[in-house]
Amino acid sequence: MRLSMDVHDTAGAPHQVNATVELKQAEPEKGIDWPAWIGAISPILLAIVGLYFTDTVRVGFERQQLQLANASGMQALLVQLLGDKVSQTEARAAASTLAAFGPPAVAPLVTALADADDVRTPAIEGALRAIGLNEPTAVCGPLLSILEHQTGRYSWLMHRSAIRVIADVRCPQARALLQTYKQALAASTLKAFDPATEEWKPLPPEIVDLLKADVDRALLEPK
Amino acid sequence: MRTAVVLLAVIVGTAAPAFAQITPCSAVNDPSSRSKILLDDIVSDASLQNLLQSLTSRLEANLEQVRTELGVQLKVLPCANRRPTGPSDFNRTTVSELNVRGVLMEIWGATTAVKDQQGRPLNEASIGYVIVPVRLDELQQQPAPGAFVIPHRAQPSTVVDDLIKLVDQAGRLGAYASLAVGSKSLRSSQWDEARKQLCAAEAQFTKLKVPTDADAALIKYAKKLAGDAVTRARADAQYSGFLKQEGVALSCS
């Protein structure tokens, strides 16, 4: 738009001033068009959320199926391992096959260790070692927990097996616990349950010597 | 890689000798005793059942006699269905597990009908022994045998009692048991008991009428350990018993 204006100076002489004024229309805001975006993204979001929940449910279901399959697969092997007439060879074969199940086999193997004798103990220790080579944390956790309980709840034979496997698997953070255990042995504070008198009694010196030898060997292992 | 390691472990684990027939025996874990003798199953041919019963009862009587004479809280425990096939079953792992459970000795037996070089039929009663502390030493390159089988043969016409007399193990069992207790006492630094039992073992070995090659090696072993008991007792600053006296000789006699 052009404007023209006549003005007069102080002497009264007329002047003409020409000016150009441009009027522009205000530009629209450049923000995100949320409704449009949400409209576009919502099907994708819905698909992702749906997929996530479907996957979670599927994984959970598959995990349960796997646990069930593991339990079924391990059952026959455990029956064989714990059987009255299992030979050394059969015990070793059953325990080694259990080891192939990996971490899920640790709990039943450790439980079986509680009543294990001269035939089963080497087989079970071997299986725990085999699992521990691949999954040290799965094996170290329960075994370190056994060693932490020094009140006689677990037999000294279980402690012995735990010490040997911990040493072979080279469990991280086992050194401090082994040193504490060694001190407990030296102080004769470890106890064993005597079924005859139903009392907790200090371990006999002969057994203390056996455990000391295993602890010393374990502490020699490089960590 | 992980699968390969697990498979390797499985293969190594199952590659054990297929002949081992040592089966579990609940008596092994018996916590009430730290000095046990296990009496395993006596394996027999069907035709030799009468011999089997006589042999079993004779061995049990022999062991009872040893238990009384030895002066140690010894427990004789039966292990049904446990049938070692021979000394090779008692490898280092097995013997170590028996040792920590306080088993001093394990005895097994077999009666079979065999033939001599001329093809004549014979009845054979074989008694197998494993002296656990000695076997442990043997597996660490000590020459004395800790596990062996002693066969006894007789004509089938021989009455069972005569064969059983041949098998009578009272003297031999006593010597083996003393040696086991003595050797174990030596390991746990009980010098007086070690010396006493090892000298008793030596004396009983010399009384055997028909010593085997294993017995000859075990006499030398008992003598050596009896001397070791004195030497180590003298070197032990905490020990102040009679073995420190100057008059005590290294040899028993």
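A residue is buried if 20 or more other C-beta atoms lie within 10 Å of its own, exposed if 12 or fewer, and partly exposed in between. By this rule Ser189(B) is partly exposed, because 16 other C-beta atoms lie within 10 Å. The structure is a predicted model.

**Overview of chain A**

- Chain A contains eight helices and four strands.
- Read from the N terminus, its elements follow the order β-β-α-α-α-α-α-α-α-β-β-α.
- Chain A has 223 residues, and 31% of them count as buried.
- Among contacts in chain A between residues at least 6 apart in sequence, those joining residues at least 24 apart make up 62%.

**Helix α3 of chain A**

- Helix α3 of chain A spans residues 106-113, and six of its eight residues are buried, so the helix is largely enclosed by the rest of the structure.
- These buried residues are Val106(A), Pro108(A), Leu109(A), Val110(A), Ala112(A) and Leu113(A).
- The elements that cover them include α1 (34-82), α2 (88-99), α4 (120-134), α5 and α6 of chain A.

**Packing of helices α5 and α6 of chain A**

- Two packed helices are described by the angle between their axes and the distance between the axes.
- For helix α5 (residues 136-148) and helix α6 (residues 156-169) of chain A, the angle is about 145° and the axes are 9 Å apart.
- The crossing of α5(A) and α6(A) is left-handed.
- On the side of α5(A), the contact is made by Pro136(A), Val139(A), Cys140(A), Leu143(A), Leu144(A), Ile146(A) and Leu147(A).
- On the side of α6(A), the contact is made by Met158(A), His159(A), Ala162(A), Ile163(A), Val165(A), Ile166(A) and Val169(A).
- Sorted by class, the residues of this contact are 13 nonpolar, one polar and no charged.

**Val208 in helix α8 of chain A**

- Val208(A) belongs to helix α8 of chain A, which covers residues 205-220.
- Val208(A) is partly exposed, because 17 other C-beta atoms lie within 10 Å.
- Apart from neighbours within four places in sequence, Val208(A) is in contact with Leu185(A), Ser188(A) and Leu203(A).
- From Val208(A) to Ala218(A) the separation is 10 residues in sequence and 15 Å in space, taken C-alpha to C-alpha.

**The sheet of chain B**

- Five strands of chain B form an open sheet in the order β2-β1-β3-β4-β5, and the pairing is mixed.
- Strands β2 (75-79) and β5 (147-154) of chain B stand at the edges; each has a single partner strand, so one side of each is left without a neighbour in the sheet.
- From one strand to the next, the twist averages 20°.
- Strand β3 (residues 103-115) and strand β4 (residues 121-131) of chain B are antiparallel and pair over 11 bridges.
- Within this pair, Lys115(B) stands opposite Pro121(B), and Trp108(B) stands opposite Gly128(B).
- The hairpin of β3(B) and β4(B) has five residues between the strands, and Gly119(B) takes a positive phi near 85° there.
- β4(B) and β5(B) also run antiparallel, joined by eight bridges.
- Val130(B) has Ala147(B) in β5(B) as its bridge partner.

**Nonpolar cores**

- In soluble globular proteins, nonpolar side chains tend to be buried together.
- The largest nonpolar core has 56 residues, and those touching the most other members are Ile37(B), Met105(B), Val132(B), Ala177(B), Leu179(B), Ala180(B) and Ala222(B).
- With neighbours within four places in sequence set aside, Ile37(B) is in contact with Leu63(B), Leu74(B), Val76(B), Leu104(B), Met105(B), Ile107(B) and Ala177(B).
- A second, separate core has 51 residues, including Ile124(A), Ile166(A), Leu178(A) and Val215(A).

- Most residues other than glycine have a negative phi.
- Gln173(A) is not a glycine, yet its phi is positive, at about 65°.
- Gln173(A) is located in the loop between α6 and α7 (174-186) of chain A, and Gln173(A) counts as exposed because it has 9 C-beta neighbours inside 10 Å.
- Ser189(B), which is not a glycine, has a positive phi of about 60°.
- The loop that holds Ser189(B) lies between α6 (170-187) and α7 (191-207) of chain B.

Notes
Residues numbered from 1 in each chain as written. Chains lettered and ligands numbered in written order. Predicted model: local features only at pLDDT ≥ 70, side-chain atom pairs only at ≥ 80, totals over all residues. Axes fitted to C-alpha atoms, helices over the stretch in contact; angles between N-to-C directions. Helix = DSSP H or I, 4+ residues; strand = E, 2+ residues; numbered from the N terminus. Left-handed = near helix turned anticlockwise from the far one by under 90°. Contact = placed C-beta atoms within 7 Å. Nonpolar A, V, L, I, M, F, W, Y, C, P; charged D, E, K, R; others polar. Core = buried A, V, L, I, M, F, W, Y, C linked by C-beta atoms within 7 Å. Pairing = 2+ DSSP bridges.
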